Amino acid sequence: MRRLIAGIVLAAALVAIPALASADPQAPGVMVAFDYGFNNPANNTSTVTINAGETVSFSYPDGGSFHNVEFDAGEPDSCTPVLPADPSPTGWQATCRFNTPGNYTFVCGAHAFMTGTVVVQGAATPTPTATATATATATATATATATATATATATPTATATATPTAPATASATATSTATPTPTATATTTSEATAAPVATTAPQPVTIQPSPAASAVKLAASQKGQAVKGSLTVAAANSRLKVEVLRGKTVAATSTKTVKPGNAPFSLTLNSAAKKALKHAGKLKLTVKITVTSASGTPFTVTKTVTLKR
Ligand SMILES: [Cu+2]
C-alpha cells in the first residue's frame, strides 16, 4: 500500500519535472565563461545543479581571452553544437545533456584556475523544490497522498501524536475508574464497613447547611394579650412551634404546619398569664421558636418579649 502511494507521489514528481523542463525551452543549467572564471548566473558560483537528463548551456559571450570547457573525468552524453576542443575567443555556445547522476568537474584548457562543476542529480532524487511541489499538489488532490507524505515524514509524527493521546485517554479513564472503585470496594469489603459509610453519607445530605427558617421578626416590646411575630420558612411542610414562657410556666403555645416564605404567628396568652398581665401591667416573657423540616437544619431561636397591657 505504501509502495503504491509512494509510487503515485513519485509519478507525480516525474510528471511535474518534465513539465517544468518543457515549459522552459532553454537549458535549466547555465554556465558562462568570463575573464577569468566560470559563473552560473542563477547562483553566482561556478557550480550548476541539474537533474539527470537535463542540460547545461556553456558559453563565452563577452571578454578578450580564450576559454573552453574540458571535463576532467565524466563527459556529457551530448553537446549541441560540439564544445570547442581548444580555448577559443568569445562567441561559442553549446548545450550539453547529462543523463547520468554524478559530479562533472571541468576546467578551462588555457587557465587551470578556471574550474567548475556540473552536479547531476538522480531522477529518484529530484530537485527538492520539485519534490515539494509534487507532494504539495498531491496532498491537495488526494487524501491518499497525505498518507504517502506520512510515510516519509508524518508517520513518526502521527504515531507520536496517536500514542500520547491514547495514554492520556487511558489515564483519564483510569482516574475516573479509580474513583468509583474505592466506593465499590468499600461496599464490597464488608457489610459492616459499608453500613457506616452508607449511614455517614446520607446524613450530611440530610443535614444541609440551609436552616429551616430565618429572619425572625419579634418586637421586644409589645402591647396587648398576644405575642406576635413572623419568620421566613425555608421548605414546604415545615413545622413551626412557638412557646411563650413566663419563667418556667407556659403562657401560650402553638404548633402548626407552615408553607415556605413568610410565616406570621400570634399567640394569645392563656387565662393565667392574662391575669398576671392585668395585675402587673407588664409581663416579661421568653419566646422559644422552633422550625423543623424534612430537608433543612432544625431552626431554634429564643427571644425575650415584654408584653404591656
Ligand atoms: Cu580560460
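Modeller: Let me begin with the naming: helices (H or I, at least four residues) and strands (E, at least two) are DSSP runs, numbered from the N terminus. Residues are numbered from 1 along each chain as its sequence is written. This is a predicted model, in which local features need pLDDT of at least 70 and side-chain atom pairs count only at pLDDT 80 or more, while totals for chains, interfaces and linings use all residues.

Biologist: Where is the place of Lys259, and what makes Lys259 exposed?

Modeller: Lys259 lies in the loop between S14 and strand S15 (261-268). A residue is buried if 20 or more other C-beta atoms, placed from the backbone, lie within 10 Å of its own, exposed if 12 or fewer, and partly exposed in between. Lys259 has 11 other C-beta atoms within 10 Å, and therefore it is called exposed.

Biologist: What does Lys259 touch, not counting residues up to four places away in sequence?

Modeller: Two residues are in contact if their C-beta atoms, placed from the backbone, lie within 7 Å, and on that basis Lys259 touches Val233 and Ala236. Val233, leaving aside neighbours within four places in sequence, is in contact with several residues, including Ala213, Leu240, Lys259 and Val291.

Biologist: Which residues have the most contacts inside the largest nonpolar core?

Modeller: A nonpolar core is a set of buried Ala, Val, Leu, Ile, Met, Phe, Trp, Tyr and Cys residues joined through C-beta atoms within 7 Å. The largest has 22 residues, and Ala213, Val233, Val244, Leu285 and Val291 have the most contacts inside it. Among the elements that each supply at least two residues of this core are strand S12 (226-233), helix H7 (271-280) and strand S16 (282-292), and S16 gives the largest share, 5 residues.

Biologist: What makes S3 and S9 a pair?

Modeller: Two strands pair if DSSP finds at least two bridges between them, and S3 and strand S9 (residues 115-121) pair in the parallel sense over 5 bridges. They belong to an open sheet of 4 strands in the order S3-S9-S8-S5, with mixed pairing; strand S3 (47-51) and strand S5 (70-71) are its edge strands, as each pairs on one side only.

Biologist: How confident is the predictor in the protein, judged by its mean pLDDT?

Modeller: pLDDT is the predictor's confidence in each residue, from 0 to 100; the mean for the protein is 73, and 63% of its residues reach 70 or more. Over residues 5-26 the pLDDT is below 50, and it stays under 50 over residues 129-201. Where pLDDT is low, the predicted coordinates should not be read in detail.
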